[in-house]
Structure formats: structure tokens, C-alpha cells
Amino acid sequence: MEKVLRNLLIWLGILVALVPLGIIASGTAYGEWSVDELQSLIGYVPAGYANLQGLYNAPIPDYGTDWASSFLGQSLGYYAAAVIGVCLLGGLFYLIGRQLAKGKEDTA
Amino acid sequence: MIPIWYWAGRWLRTNLRTKQVPYLALAAAFSFVIMMFNVPIPGGSTGHAVGSALVAIILGPWAAVVTTSVALLIQCLLFGDGGITTFGANCFNMAVVIPFVGFYTYKFIAGKTKITDRRRIIGSAVGAWLGLTLAAACAGFEMGIQPIINVSSTGVPLYMPYGLDVTVPAMVFGHAFFFSIVEVIITAVAFTYIARNDPTIIWNYKAIEAASQPRVTAAAA
């Protein structure tokens, strides 16, 4: 494997290893409040959001962090989510990319 | 967004080289992981970098449109993050504004310098900052017009309750001073590493090389 690709993969691995850092921050991103948070922020749930509740239920909500209450448990869920995301996206783009690039050897 | 995705797909089909395929896969995975790093800011809110400026500089802005959009799709479908109803807006902000603002800012600052030139590093940093900060301003604008365009018959907001005077400053502040700084660091560090070690990965490397050669006039040649 090319050295640069190998090193970038190692960096990605380090990022994945550090991913639990991302759940230390407990706040919600601006504008991404849940209906409960909106209720306490402004005192009511805007009708449009109330109607959209239950429109779609993600199979792994909150990146696998809500099954546990301890930081360790949440980290494990978050790791699993990171690994699933990396494998899915990496695999998908590798396969699609190989098809798209077929026959286009390096001319750069 | 649909015509943009269509064009981005066509661009990839024409321009993606075999050597770049593993890097494209890596870029998509990287986009996903970097967005998992929620950074807390004063005031209790959180946010994250996106990484699309880096992908735009290395693999081209059209490639970044695709990798970031699909990463956002996985986020909302599988993990319930970002939202289905907001998917188009999210893609516009993070998969179009950041790559194009980021790449063209970088290109403008870099000029005709060599791939390893310091100006390119500065360009990548400024591009990353401007790209994410402008994307945040766009998101703030999209949220802030909600109480104007989406209200019930009695004038109560149906969705976002805060107006432009609140949403735009809130989004720009958090990004300009925090999340965009993270974006700058990852973009500049990774760009520098790739440019110094294997610039042939970079999508427009040939054009950069050709433009940075000392000019030989046709007559002299």
C-alpha cells in the first residue's frame, strides 16, 4: 500500500479512537433541539414539529449512545456507530469509485 | 439539490482516476467521523467541523459534494441526526457552500504557486474558515426565515421560533470562533501532508504544476 494512503488511514483510525471525545459536550447543536428542549426553551412545541414527530424513526438513534447511561457504555455505542459509518461509507465509495474510475489509469 | 447531485455524479464519472478511489472512500469515511466530534461552546450549544473544504481541495469540489452528501444521508437515515426534512438544506450548506467557497478561496489565494508553496497552506486555511463560516451563516438564514414563511393562521411559528436577528449571529458566532477553527486545523494539516508527500493524489495537480512552471514563451521554445 502506498505510504501516504497508509498514514492517512492511520490518522483516520486515531480519529475513530478519539471519537468518544465528541460525546463529552452535552449541549444540542443550534437549531437541532428536540421537542422537549423546545418546550423548555420557548414554552411550547411549534405545531409543525409536533406534526412531524414520528415521521421517521432511525434504527440507531443518537449514534448508539442512548442504550447506556455511563460514559463507558455510551462510548462503546459511539464507537460502534463510528465503525459502522466508516465501513459503510468507505465500502460504498470504494465500490462505486472503482466502477466510475474503470479504465482511467493515472494520467495526472 | 437534485441537479447539483446529478452534475456531481457526472463529474466524478469523467474525472475520477483509479489511484484516487481509495482516497475517495477515505474522504467519505473521514467526513462522517469528523462530524461526530461535537465541540462545546460557551452558552451550552455544540457544533462540529465538516471536513468538506479539505475534500474539495484534494479531490475537487464536485467530489466533496458527493462524499459529504452521502455522509449526511447515512447520518440522518441510520442515526437520526440532522433530519430528513432538513436534508436538502443541510446538503446545500455543508456539501455545496463549504466545498465551493473553500476551494475557490484556496485557489484565489494560491494563485500560480507551486503545490508546496506556503501560500497554498494559507489558502487552504482561509478557505476552510470562510467555507464553514459562510455555510453557518446560510444555515442561520434558512432557520431565521422560518418564522416569516412558516406560521400558523394565528401567527405562531410552525417550526423555528427564532428570527434572523437571533439565528444568524448564533450560527456565525459558534462557527467563526470555534468550529471553523477546527476545520482550519484539519484542512491545513492534512493538505500540507498530502501536498508534501504525494501531490499526485490532488485532482488538479497537473494543472497546478503546469501553471507554476516558469513561463516559457512559444517563441523561445
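Modeller: We shall go through the chains, their contact, a helix pair, the core and some loop residues.

Colleague: What conventions apply here?

Modeller: This is a predicted model, in which local features need pLDDT of at least 70 and side-chain atom pairs count only at pLDDT 80 or more, while totals for chains, interfaces and linings use all residues. Residues are numbered from 1 along each chain as its sequence is written, and chains are lettered from A and ligands numbered from 1 in the order in which they are written.

Colleague: How many helices and strands does chain A have?

Modeller: Elements are DSSP runs numbered from the N terminus, with helices being H or I of at least four residues and strands E of at least two. Chain A has four helices and zero strands, in the pattern α-α-α-α along the sequence. Its radius of gyration is 20 Å, well over the 13 Å that the globule rule gives for 108 residues, so chain A is more spread out than a compact globule. That radius is taken over C-alpha atoms, and the globule rule is 2.2 Å times the number of residues to the power 0.38. The C-alpha trace of chain A spans about 60 × 30 × 25 Å along its principal axes.

Colleague: What share of chain A counts as buried?

Modeller: A residue is buried if 20 or more other C-beta atoms lie within 10 Å of its own, exposed if 12 or fewer, and partly exposed in between, with C-beta atoms placed from the backbone. Of the 108 residues of chain A, 19% are buried. As for contacts, two residues make one if their C-beta atoms, placed from the backbone, lie within 7 Å. Among contacts in chain A between residues at least 6 apart in sequence, 31% join residues at least 24 apart.

Colleague: How does chain B read by these criteria?

Modeller: Chain B comes to nine helices and two strands, and its elements run α-α-β-β-α-α-α-α-α-α-α from the N terminus on. The principal axes of its C-alpha trace span about 75 × 35 × 30 Å. Buried residues make up 53% of chain B. Among its contacts between residues at least 6 apart in sequence, 69% join residues at least 24 apart.

Colleague: Which elements of chain A give two or more residues to the side that touches chain B?

Modeller: The contact takes 50 residues from chain A and 57 residues from chain B. On the side of chain A, those elements are helix H1 (3-17), helix H3 (47-52) and helix H4 (71-100). H4(A) gives the most, with 13 residues. By class, this side has 35 nonpolar, nine polar and six charged residues. Here Ala, Val, Leu, Ile, Met, Phe, Trp, Tyr, Cys and Pro count as nonpolar, Asp, Glu, Lys and Arg as charged, and the others, Gly among them, as polar.

Colleague: How is a pair of packed helices described?

Modeller: Two packed helices are described by the angle between their axes and the distance between the axes. Helix H1 (residues 2-15) and helix H4 (residues 61-79) of chain B pack at an angle of about 115 degrees, with their axes 8 Å apart. The axes are lines fitted to C-alpha atoms, for helices over the stretch in contact, and angles run from 0 to 180 degrees between N-to-C directions. Residues making the contact include Trp5(B) and Trp11(B) of H1(B) and Trp62(B) and Val66(B) of H4(B). By class, this contact has nine nonpolar, two polar and no charged residues.

Colleague: Which residues touch the most other members of the largest nonpolar core?

Modeller: In soluble globular proteins, nonpolar side chains tend to be buried together. A nonpolar core is a set of buried Ala, Val, Leu, Ile, Met, Phe, Trp, Tyr and Cys residues joined through C-beta atoms within 7 Å. Of the 88 residues in the largest one, Leu24(B), Ala28(B) and Val33(B) touch the most other members. Not counting residues up to four places away in sequence, Leu24(B) touches Phe93(A) and Gly97(A) as well as Leu16(B), Leu59(B), Ala63(B) and Thr67(B).

Colleague: Is Tyr63(A) buried or exposed?

Modeller: Tyr63(A) is buried, with 25 other C-beta atoms within 10 Å. Its place is in the loop between H3 and H4 of chain A, and its phi is positive, near 55 degrees, in a residue other than glycine. Asp62(A), in the loop between H3 and H4 of chain A, has a positive phi of about 55 degrees and is partly exposed, with 16 C-beta neighbours inside 10 Å.
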